[in-house]
Amino acid sequence: MTAPPRADVVPSAALRATGVGLAVLSGLAVALQSRINGELGVRLGDGIAAAVVSFGLGLLVLLVLVPVVPAGRRGLRRLRGALTAGTLRPWQCLGGVCGALLVATQGLTIGTLGVAVFTVAVVAGQTGSSLAVDRAGLGPTGRQPVTANRLTGAALTVVAVLIAVGDRLGDPGTLALALLPLLGGIAIAWQQAVNGQVRAASGSALTATLVNFAVGTLALLVTLAVDLLVRGLPTGGFPSEPWFYLGGPIGILFIALAAAVVRFTGVLLLGLATIAGQIVGAVLLDVLLPTAASHPGPATLLGAALTLVAVLVAALGPPVRR
């Protein structure tokens, strides 16, 4: 068995830069997933059912993939050993509940809010929560100080997104509904931290992703059962277009990348880079695949550029320790 990494070892600048780049890529995936799951929720007439479809399909892919990949099998054995030895606590395997909350809010709110306002709420929750999670030391990098660079980067990110979608914030009803994705954003930071712990214990990002999807799918199935008892069956039908069912596989990419790179970036920098990808992805979707709610004007482009600056500011701070 290899020795655990020393606390004074820091990742190189190249590793941090690679981690940030992969996090931006995962943010692009989140923007695409949000559009898909939001549209699926509208077509089904039930955001919870859309979330179950998305998470469930992702889980099926992982149940096939992980056992056939040697690293996945080793990861499952190491995960069981870590839980038995107590080096990984059971509550650290519950990140999927947070992922389920975010995906559910996509299906429940994007049809009304649009991707822009949804992103504002998620960003506001995720940025503040990332600072708190890093300060508490919940991620695999341990306790991280709230430095001036990190605080400035977080503040710039919120300002950038508000600039990008400021014309959509005047409706009080919209703001009330935005509380759901706000909670989803708060949950993202905790999810990324504990999934990073599962990845460290198992030695496999695929194994951490499988645990995330298994826990999230179970939570969503329980929620769907309550939803069906209260509201009855969904009013819509399942769409025939294949792209409606890509939300789950896209979620696999997001969760696996986040679990793999959080030990190099820390939770806050991972979150900021993911946000940058989300903003750029939202702009590209609005330009290339516009909808009635698309507003890719100068303010949106300015907000996207400022978000990238915010990530650069945070990345120029001192490297995280692990």
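Which residue forms a salt bridge with Asp227? Arg231 does, and the closest N and O atoms of the two are 2.9 Å apart.

## The model

This is a predicted model: local features need pLDDT of at least 70, side-chain atom pairs count only at pLDDT 80 or more, and totals for chains, interfaces and linings use all residues. Residues are numbered from 1 along each chain as its sequence is written, and side-chain values use heavy atoms, with hydrogens and water left out.

## Salt bridges

Side chains of opposite charge can pair when their charged atoms come close. A salt bridge here is a side-chain nitrogen of Lys or Arg within 4 Å of a carboxyl oxygen of Asp or Glu. By this rule there are 3 salt bridges.

Arg231 and Asp227 both lie in helix H8. They are 4 residues apart, about one turn of the helix. (Helices, H or I, at least four residues, are DSSP runs numbered from the N terminus.) Asp227 is buried, at 12% relative accessible area. Buried means under 20%, exposed over 50%, and partly exposed in between (1.4 Å probe, protein chains only).

Arg231 also meets Asp46 in a salt bridge (3.4 Å, N to O). This pair links distant parts of the chain, 185 residues apart: Asp46 sits in the loop between H1 and helix H2 (47-68), Arg231 in helix H8. Asp46 is buried, at 3%.

## Arg43 and Glu241

The side chains of Arg43 and Glu241 form a salt bridge (3.4 Å, N to O). Arg43 lies in helix H1 (residues 13-44) and Glu241 in the loop between helix H8 (205-231) and helix H9 (247-265), so the pair ties together parts 198 residues apart in sequence. Arg43 is partly exposed, at 38% relative accessibility. Glu241 is partly exposed too, at 28%.

Notes: Helix = DSSP H or I, 4+ residues; strand = E, 2+ residues; numbered from the N terminus.
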